[in-house]
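Dear colleague,

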Amino acid sequence: MAPGTRPLIQLRDLWKVYHLGDVEVRALRGVSLDIRAGEFLAIVGASGSGKSTCMNLIGCLDQPTRGTYRLGNVDVATLSANERAAIRNRRIGFVFQNFNLLGRTTALENVALPMIYANVPFREQRRRARELLAAVGLRGRERHLPSQLSGGQQQRVAIARALANAPSVLLADEPTGNLDSQSSLEIMELFVRLRWQQHVTIILVTHEPHIADYTERVVTFRDGRIVSDLPQASSRPAPEAARG
Amino acid sequence: MNLLWMTLVTALRALRRNVLRSVLTMLGVIIGVAAVVTMVSIGRGANAAVQQEIQSLGNNLVMIIPGATTVSGVHTSSGSAASLTVADATAITKECPAVSEVAWAKRQVVQVVYGSQNWATPAQGVPPSYLSVREWPLSAGRFFDHRDDAGANPVAVLGQTVVDQLFTPGEDPLGATIRVKNVPFEVIGVLARKGQTAWGQDQDDVVLIPFLTAERRVLGTQILGTVDMIVAAAATADVLPEVEPQIRALLHERHRIPQGQDDDFTVRDLNEIAEASKNASAVMMNLLLSVASVSLLVGGIGIMNIMLVSVTERTREIGVRLAVGARTGHILLQFLVEATALSLVGGAVGIVLGFAATRLIAYLAQWPTLLSAPAAAGAFLVAGAIGIFFGFYPARRAARLDPIAALRYE
């Protein structure tokens, strides 16, 4: 998080245009954004503002129509589908609103899933998955199936899975959207804690202001453009205290 | 390796999740493989039986029988003319280089009596060379020699069926006196069992007596030296095709048959007859195999169908896997392994079922069958190939899903 170093994520004049039949949808209209390693920021905006499209581009799930996207030293726009899969696998972790865990598959195996595709040895997969489940507070629930866990617990498993290959970026799309307020609170506190423990950059997409309050920077989207980019004093994190 | 193992575990889990559906999907492959295994077993059994018949006739034999007589332009049945003679037979031995040995026979169905038993059977007057030409061993006693033939001795060698009919079990026929057309004969030998010919004739139902004995004392003749049949053995299998033209040429010359006129004899290559029946059974087997293959094809389409359903059902799962870093190859492999597992398990069950069906058919229908390990292995491999072939399209569809659309799929 040293200031002056090159940003981890660099978006320059990013456009995304869809064609729905004859209708042209301009989901992004020239977005430029720099995100440094270790930042904790929220992307907010109404639905249809382009925030989810931007999220998919940052997550290498999609390719921009125009513009450049650099992740670290890599120009993502030039990569093939399989090269983007490798980047998603090792450098990006996803947390979804509806958890997206594999049903009929234990918590431990869900967490190990990204490591299978990274060719991590089996024993190491198990060890690391156990460690991550413990870090999100699910020690002892390794053999549980998603259906045997509460919503908050399922989202913790999803967060542990997102961290499996020690990614540099964690992308969370409305992570508390399906949770009650108590679970939401716990998940947000987990994000704050993990940010320091796992040295990970967290990008949160949300439309709830009190969720965005947990972050240090709020980027607002409207009609495919960034309309404001404001730093804010984070209400919670005390780095020295959380680091232990 | 690790990845492949995990893929296999995932595939088996997915199949176990819906056991009934998996089993029903496999049914086509199971039936197809079982049918192939059973058909090949039956076909091989039939072939082996034909092969045995060829052996029992004697290898590389050519048979010459007299032609049809023509009475006022009306043909009578072939073999009715008295056109072949012992002299023809000995000439064939001398003049045809491709022929190693010749025998001939005079044949008539006669009544054979021993004690209070009697039996109607073809008596054949043959020269001492007959057994070696037919490659027919004795099970007891001796065959008659040139002295027996020249002296027209009343000695007989019996086929197994005749022995069974005339003698009580355990009774030694050697030395017994039987009456053939009321002429007393001494039994000096018993032939080894030979079984049926391809056309269902019992070769063991026969009494062999010296040719001269038959001609002069039992069967009688209108013209001395005429025979009902000449059998010529080729020197080797290689020269077999030359035997027939050589004999034809010789007999044309000896019988003074001008060009363009009907032969007064017929030459038959026994191997040709056996080949023909072998070909017939091969045609039948190919027909049945293609029916079985249709079942395999239908099984493959069933697998494709259910895999397409599975891909649709698990679109979200595919989206998640793509999001966490699965490459298109990983997804392709996962669904291919699943389809192949379906077809291979089906193949294995089919083989077991096919073996059981073969056993049952062999037992119930009394058909000769021959289980074939290569056929089973082949059917298994074909089943696997079908899984890969028909699994490929659904797997490719899964692998080409757009991760964003897949994640949003409801």
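Chain B is divided into domain 1 (2–53 + 275–408) and domain 2 (82–263), with bounds that come from an automatic or database domain assignment. The centres of domain 1 of chain B and domain 2 of chain B, taken over C-alpha atoms, are separated by 56 Å.

Please note that this is a predicted model, in which local features need pLDDT of at least 70 and side-chain atom pairs count only at pLDDT 80 or more, while totals for chains, interfaces and linings use all residues. Residues are numbered from 1 along each chain as its sequence is written, and chains are lettered from A and ligands numbered from 1 in the order in which they are written.

The contact between the chains takes 22 residues from chain A and 18 residues from chain B; two residues are in contact if their C-beta atoms, placed from the backbone, lie within 7 Å. On the side of chain A that touches chain B, helix H2 (81–91) and helix H3 (107–117) of chain A each supply at least two residues, and H2(A) gives the most, with six residues. Helices (H or I, at least four residues) and strands (E, at least two) are DSSP runs, numbered from the N terminus. This side of chain A comprises 13 nonpolar, five polar and four charged residues, where Ala, Val, Leu, Ile, Met, Phe, Trp, Tyr, Cys and Pro count as nonpolar, Asp, Glu, Lys and Arg as charged, and the others, Gly among them, as polar.

The largest nonpolar core has 122 residues, and Val111(A), Val33(B) and Ala379(B) have the most contacts inside it. Such a core is a set of buried Ala, Val, Leu, Ile, Met, Phe, Trp, Tyr and Cys residues joined through C-beta atoms within 7 Å; buried denotes 20 or more other C-beta atoms within 10 Å of the residue's own, with C-beta atoms placed from the backbone. Helix H2 (residues 19–57) of chain B gives the most to this core, with 14 residues. A second, separate core of 55 residues includes Ile64(B), Leu84(B), Trp104(B) and Val227(B).

In chain A, six strands form an open sheet of mixed pairing, in the order S6-S7-S8-S3-S9-S10; strands pair if DSSP finds at least two bridges between them. Strand S6 (92–95) and strand S10 (225–231) of chain A are the edge strands, each pairing on one side only. Within chain A, strand S3 (residues 40–45) and strand S9 (residues 217–222) pair in the parallel sense over five bridges, and Gly45(A) stands opposite Phe221(A) in S9(A).

Yours sincerely

Conventions:
Buried ≥ 20, exposed ≤ 12 C-beta atoms within 10 Å, placed from the backbone.
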